Amino acid sequence: MMPFSPEPLSASASGHLATMQREVNEQPDRKTQYEHAVKVWGGRKSGGNQAVWTEIEQKLSAKHPRPGLCQYCEYDRNSPTEHFFPKKHFPERAFRWDNYLLICGYCNSVCKGEK
């Protein structure tokens, strides 16, 4: 895996992620937290939130050691931002800036999955 440290997010984007994470954390149990995280993640770019996710993807790309490549396999990346710690096991990290990677669909679904 290629390590790197992206630049901090703007106050607006950080606040948006914090709000989404707080909503997940307020759920009564881990199963409900996970289900809520999946729901929010699926609709993250709707309702005027596109700018936040554009910033996230731009910041991840800007400091990437090999732009355009998956951080795991180092081949073409053709999938958006994904989680290092999966939502299923770590719903408390679903909307944490330090939990995002740019990885390909194959590595995310087949190699990493929910591990």
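This is a predicted model: local features need pLDDT of at least 70, side-chain atom pairs count only at pLDDT 80 or more; totals for chains, interfaces and linings use all residues.
I begin with helix H2, residues 30-42. Which residues of H2 are buried? They are Gln33, His36, Ala37, Val40 and Trp41. These residues cover an arc of only 130 degrees around the axis, which puts them on the same side of H2. In general, an α-helix has 3.6 residues a turn, so residues three or four places apart point the same way. The face of H2 turned away from the buried side carries the exposed residues Lys31, Lys39 and Gly42. The cover over the buried residues of H2 includes helix H1 (11-25), H3, S1 and S2. At the start of H2, the backbone nitrogen of Lys31 lies within 3.2 Å of a side-chain oxygen of Asp29.

I turn next to the packing of H1 against H2. Two packed helices are described by the angle between their axes and the distance between the axes. Here the angle is about 150 degrees, and the axes of H1 and H2 are 8 Å apart. On the H1 side, the contact is made by Met20, Glu23, Val24 and Asn25; H2 contributes Gln33, His36, Ala37 and Val40. By class, four of the residues in this contact are nonpolar, three are polar and one is charged. Gln33, His36, Ala37 and Val40 of H2, which take part in this contact, are also listed among the buried residues of that helix.

H3 has 13 residues, and the distance from its first C-alpha to its last is 18 Å, close to the 18 Å expected at 1.5 Å a residue. Its buried residues are Val52, Trp53, Glu55, Ile56 and Leu60. Seen down the axis of H3, they fall within an arc of 155 degrees, so they line one face of the helix. Exposed residues Ala51, Gln58 and Ala62 sit on the face of H3 turned away from the buried side. H1, H2, S1 and S2 are among the elements that cover the buried residues of H3.

Two residues in the loop between H3 and strand S1 deserve mention. One of them is Pro65, which is partly exposed, with a relative accessible area of 40%. Its C-alpha atom is separated by 10 Å from that of Pro6, 59 residues away along the chain. The other is Glu74, which counts as partly exposed because its relative accessibility is 31%. What is the phi of Glu74? It is near 65 degrees, a positive value in a residue other than glycine. Most residues other than glycine have a negative phi.

In the loop between S1 and strand S2 (100-102) we find Arg93. Is Arg93 buried or exposed? At 18% relative accessibility, Arg93 counts as buried, since the cut-off for buried is under 20%. Leaving aside residues up to four places away in sequence, Arg93 touches Gln21, His83, Phe85, Asp98 and Asn99.

Ser109 is exposed, with a relative accessible area of 52%. The side chain of Ser109 reaches the backbone oxygen of Gly105 at 2.7 Å. Between Ser109 and Gly47, 62 residues apart in sequence, the C-alpha to C-alpha distance is 27 Å.

Note on methods
Residues are numbered from 1 along each chain as its sequence is written. Side-chain values use heavy atoms; hydrogens and water are left out. Helices (H or I, at least four residues) and strands (E, at least two) are DSSP runs, numbered from the N terminus. Buried means under 20% relative accessible area, exposed over 50%, partly exposed in between (1.4 Å probe, protein chains only). Contact means heavy atoms within 4.5 Å. The expected span of a helix is 1.5 Å times one less than its number of residues. The arc is that of the directions from the helix axis to the C-beta atoms. A polar contact is a pair of N or O atoms within 3.5 Å; within protein, one must be able to donate a hydrogen and the other to accept it, and residues adjacent in sequence count only if both atoms are side-chain atoms. Axes are lines fitted to C-alpha atoms, for helices over the stretch in contact, and angles run from 0 to 180 degrees between N-to-C directions. Ala, Val, Leu, Ile, Met, Phe, Trp, Tyr, Cys and Pro count as nonpolar, Asp, Glu, Lys and Arg as charged, and the others, Gly among them, as polar.
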